[in-house]
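Hi,

Here is the structure I promised to pass on. Have a look at it first, and my notes on the aromatic rings follow below.

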Amino acid sequence: MQEFFYMGGKGFFVWGSYGITAFGLILSLVIASRRKGKLFKEIEDSFEE
Amino acid sequence: MWSFFHKLSSPKYYYEWSGKWIPWLGGITILLTALGVYWGLVIAPTDYQQGESYRIIFIHVPAAWMSMFIYMVMAVAGFIALVWKTKISEIVVSECAVIGAVFTALALITGMLWGKPTWGTYWQWDARLTSELILLFLYLGVISIHSAIEDPRIAARAASVLAIVGIINIPIIHYSVTWWNSLHQPNMELVSESPSMHPSMLIPLLIMAIAFKVYFGWLLFIRVRNEIISRERSTNWVKKLILAS
């Protein structure tokens, strides 16, 4: 298992690449989903005014 | 078929139609990504020359393909926006720019992380790397136009022109390794009698490429739907939709 994470001494580069990619793709989805929630709330609040 | 595209240009129809696809695209993205990452990191054998660092290509290459693919989608949407002036195509241009910029940045960062152990440097002003960086600037230019111009319809027209003009960079990126002496390796021959990759490495690469394409569709639908809601907030159908939720 340790060998797997070590990646022949290239662990920083391999895991760094996968980590940054996962972060970028998940963050993009989270931002888009949160915007939907905010928009719905904003429009709903405008009905009450 | 034309009547379907005609219907798709209606924001209400597009909103309802894309909503049916979102759960499917999300599920397929998660499944394919899990399979591709597992295959790429665990099953695929170690490369005899590059060792383990070659495993970065399973995300770097699909991200680079996506950066060019999304630009072409954006340019086609830009052309439709200029000729037929449909709201949906205008929204697609602005949303593609954001997603494309993310994929281009990821292609550049993962490329740098692959370059250090392979070439001994993170960056080189090489034709392939520089043209990919220009692609990122083109995406940022389209995003800036949308932020700088208040009227979204005028912004869409200006951004569409930039998207169409910038398409010249796509063949430059693709053929940069052929036209100039490059540190970057030549384009991979995937469809030939002797593909340049062994199937044990080629299959996870293609799985990840499909996963990224489906992810793009998933995120694009979510973002376009958000923008539709934002622009159509004063219409009755959006009011009904909000009240029903």
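One term before the rest: a residue is called buried under 20% relative accessible area, exposed over 50%, and partly exposed in between (1.4 Å probe, protein chains only). Keep in mind that this is a predicted model, where local features need pLDDT of at least 70 and side-chain atom pairs count only at pLDDT 80 or more, while totals for chains, interfaces and linings use all residues. Residues are numbered from 1 along each chain as written, chains are lettered from A in the order written, and side-chain values use heavy atoms, without hydrogens and water.

Searching the whole structure gives 21 aromatic pairs over all chains (Phe, Tyr and Trp rings, the six-membered one for Trp, with centres within 6.5 Å; planes under 30 degrees apart are stacked, over 60 edge-to-face, the rest tilted). One of them is Phe4(A) with Trp15(A), edge-to-face at 5.5 Å centre to centre and 75° between the planes. Phe4(A) is in helix 1 (residues 2-6) of chain A and Trp15(A) in helix 2 (residues 11-48), so the pair ties together parts 11 residues apart in sequence (helices are DSSP runs of H or I, at least four residues, numbered from the N terminus). Trp15(A) is partly exposed, at 26%.

Phe5(A) also pairs with Trp15(A): the centres are 5.5 Å apart and the planes at 40°, so this pair is tilted. Phe5(A) is partly exposed at 45% relative accessibility.

Over in chain B, Phe4(B), Tyr14(B), Trp17(B), Trp21(B) and Phe221(B) make up one aromatic cluster.

Cheers

Notes:
Helices (H or I, at least four residues) and strands (E, at least two) are DSSP runs, numbered from the N terminus.
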